[in-house]
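Me: Let's go through this structure by question and answer. Please keep it brisk.

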Amino acid sequence: RSALFFKWEVSYVFWSPDCMEGLVIGINGRFPGPTIRAKAGDTIVVELKNTLPTEGVVIHWHGIRQIGTPWADGTASISQCAINPDETFVYRFQVDKAGTYFYHGHYGMQRAAGLYGSLIVDVAEGEEEPFHYEGELNLLLSDWYHQNVYAQMAGLSSNPFRWIGEPQTLLINGRGQYNCSTAEQTIRGSGTCEITGSQCEPVVLQVQPNKTYRIRIASTTSLSSLNLAIGNHKMTVVEADGNYVKPFVVNDMDIYSGDSYSVLITTNQNPSLNYWISVGVRGRLPKTQRALALLNYLPNSATNLPKTAPPATPAWNDYTHSKSFTYKIVAKEGTLKPPVNSKRQIALLNTQNKINGCIKWSINNISLVLPPTPYLGSMRYGLKGAFDMTKPPEKFARDYDVMRPPLNPNTTQGSSVYKLELNSTVDVILQNANALADNVSEIHPWHLHGHDFWVLGYGEGRFGKRDMAKFNLKNPPLRNTVVVFPYGWTAIRFVANNPGVWAFHCHIEPHLHMGMGVVFAEGVEFVKQIPKEALACGMTGQMLMNNHL
Ligand code: C2O
Ligand code: CU
């Protein structure tokens with residue numbers, strides 16, 4: 001077990017992720033940020049200097065549970081004060097479990113501005129993965145907008161509402177091609193963009209014939225749900241969100257924002273050819289060209305284009321296809337099983353509503369607005385008035401019709417917290433519904449900080465008591481992100497055993513910005529030694545000045 005030290009500087013850099021120059025938030029002058037590679041049990045130390053001239057920053061380590069270190073979770077207004085320009089904050093935490101993870105900004109919409117990178121945790125020294133492979137490849141998927149995130153945020157809070165629209169480009173490892181004539185030509189370098197040797201040069205994955213490779217895939221998209229396929233190759237899914245799953249074979253797979261997977265492929269196809277890896281949009285009428293990478297069988301040249309067309313993405317609204325993929329994900333034998341009963345059931349209705357004519361997302365009719373003082377500090381020190389102390393609703397109206405737009409579209413905003421009894425078992429039912437417009441219900445991938453949860457089941461329409469009988473308690477997968485399908489529900493269970501304050505939210509960045517999240521807290525009185533730098537704002541900042549703590 002070792003400690004790995006990193007010195008990072010966050011700044012704006014000119015970059016051309018899709019062959020068009022724009023501003024991205026980079027780390028140490030690069031985009032995406034550096035890949036962290038560690039072993040289970042290692043301690044990661046990131047000394048993060050904010051070199052953005054006029055805005056704060058934080059970094060969240062997505063999928064890392066932060067057991068005993070809730071102040072290192074990197075969520076502005078929840079776990080810490082945003083780091084001011086020219087200041088430095090030290091993230092120190094243990095990566096306790098092998099798996100595929102990533103990190104990203106968690107303040108405003110800085111993730112969409114490009115602040116992200118991969119975090120890969122190998123098994124501890126002397127341990128082995130429960131599957132065999134001879135080589136490893138990594139794909140970090142994202143989407144990219146030409147409009148800057150300030151304009152995006154202003155539009156989302158405007159009346160009349162200005163939706164951000166579909167992304168201009170899908171990126172693979174931070175690379176895509178916008179308007180470069182056909183993507184196939186692009187790979188060859190004969191399109192309208194300067195490709196070769198550029199920041200938008202397509203990703204080439206080099207493989208040897210007749211070997212097994214592990215491909216790690218994670219999505220940090222702002223909006224898009226994705227589907228990935230590799231020409232002529234089947235994939236065996238073996239890991240999801242840092243947990244092993246019972247292996248299953250697919251031709252293509254869906255990846256929602258916040259998801260991570262490992263798949264195994266065997267390079268047993270005609271070795272004189274190369275093959276396309278293609279990534280397309282799901283769940284929204286796609287206006288964004290698919291992204292392509294090349295699976296390059298060595299010693300073929302990467303300029304040899306595949307003989308077969310890139311695999312086609314299933315129709316964007318083929319939810320049957322998406323569900324059949326999602327339902328195949330169950331835990332590998334030997335995975336920790338959930339407690340048989342839960343102590344509490346919280347039902348969260350996801351609706352689109354309005355506040356003063358502005359469009360919001362709300363949960364049980366409350367649209368989340370984060371308070372100026374981070375919860376972790378204000379709750380730990382019992383400061384009054386730092387946030388809305390009323391109890392947020394546990395349930396929604398029994399007769400709410402999830403198939404129709406909300407009868408009363410007006411909602412309220414709030415910052416209240418679901419306080420969970422330490423070590424208790426909690427069930428959450430995520431209930432989807434119709435949005436403001438008729439016949440619209442969207443996909444929402446929900447992500448929980450500080451814990452993994454078991455996915456107990458999914459269903460259509462309104463969740464009812466009878467559905468509990470169908471919960472999968474035998475081999476539910478452990479995950480940190482789960483999809484809620486249009487007009488459907490998703491049930492999860494977790495044990496509130498990690499003292500701290502934790503976000504639970506839709507991982508679609510504009511949805512979170514429009515209020516689509518809740519806050520859980522447990523055992524905050526047991527949290528020790530919050531670094532002062534995490535508290536130096538709002539009411540905790542005031543407290544530090546008064547008490548010389
Ligand atoms: Cu990856 Cu709260 O997010
Ligand atoms: Cu959402």
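Reply: Domain bounds here come from an automatic or database domain assignment. This is a predicted model: local features need pLDDT of at least 70, side-chain atom pairs count only at pLDDT 80 or more, and totals for chains, interfaces and linings use all residues. Residues are numbered from 1 along each chain as its sequence is written, with chains lettered from A and ligands numbered from 1 in the order in which they are written.

Me: What bounds does the domain assignment give for domain 3?
Reply: The assignment lists domain 1 as 3-122 and domain 2 as 135-327. Domain 3 is then given as 344-544.

Me: How many residues does domain 3 bring to its contact with domain 2?
Reply: The centres of the two domains, taken over C-alpha atoms, are 30 Å apart. Residues count as in contact if their C-beta atoms, placed from the backbone, lie within 7 Å. Domain 2 gives 22 residues, and domain 3 gives 23 residues.

Me: Which elements of domain 2 each supply at least two residues to the side that touches domain 3?
Reply: Helices (H or I, at least four residues) and strands (E, at least two) are DSSP runs, numbered from the N terminus. On the side of domain 2 that touches domain 3, the elements that each supply at least two residues are α1 (149-156), β15 (243-250) and α3 (319-327).

Me: Why is strand β25 largely enclosed by the rest of the structure?
Reply: A residue is buried if 20 or more other C-beta atoms lie within 10 Å of its own, exposed if 12 or fewer, and partly exposed in between, with C-beta atoms placed from the backbone. Strand β25 (residues 425-431) is largely enclosed because the buried residues number 6 of the 7.

Me: Which residue in β30 stands opposite Gln431?
Reply: β25 pairs with strand β20 (residues 344-355) in the parallel sense over 6 bridges. There, Leu349 stands opposite Gln431. With strand β30 (residues 488-495), β25 pairs in the antiparallel sense over 7 bridges. In β30, the residue opposite Gln431 is Trp489.

Me: What is omega for the cis peptide bond that joins Phe31 and Pro32?
Reply: Most residues other than glycine have a negative phi, and most peptide bonds are trans. Pro32 lies in the loop between β2 and β3 (36-39). The bond from Phe31 to Pro32 is cis, with omega about -15°.

Me: Is Asn28 buried or partly exposed?
Reply: Asn28 is in the loop between β2 and β3. Its phi is near 50°, a positive value in a residue other than glycine. With 15 other C-beta atoms within 10 Å, Asn28 is partly exposed.

How values were computed. Contact = placed C-beta atoms within 7 Å. Pairing = 2+ DSSP bridges.
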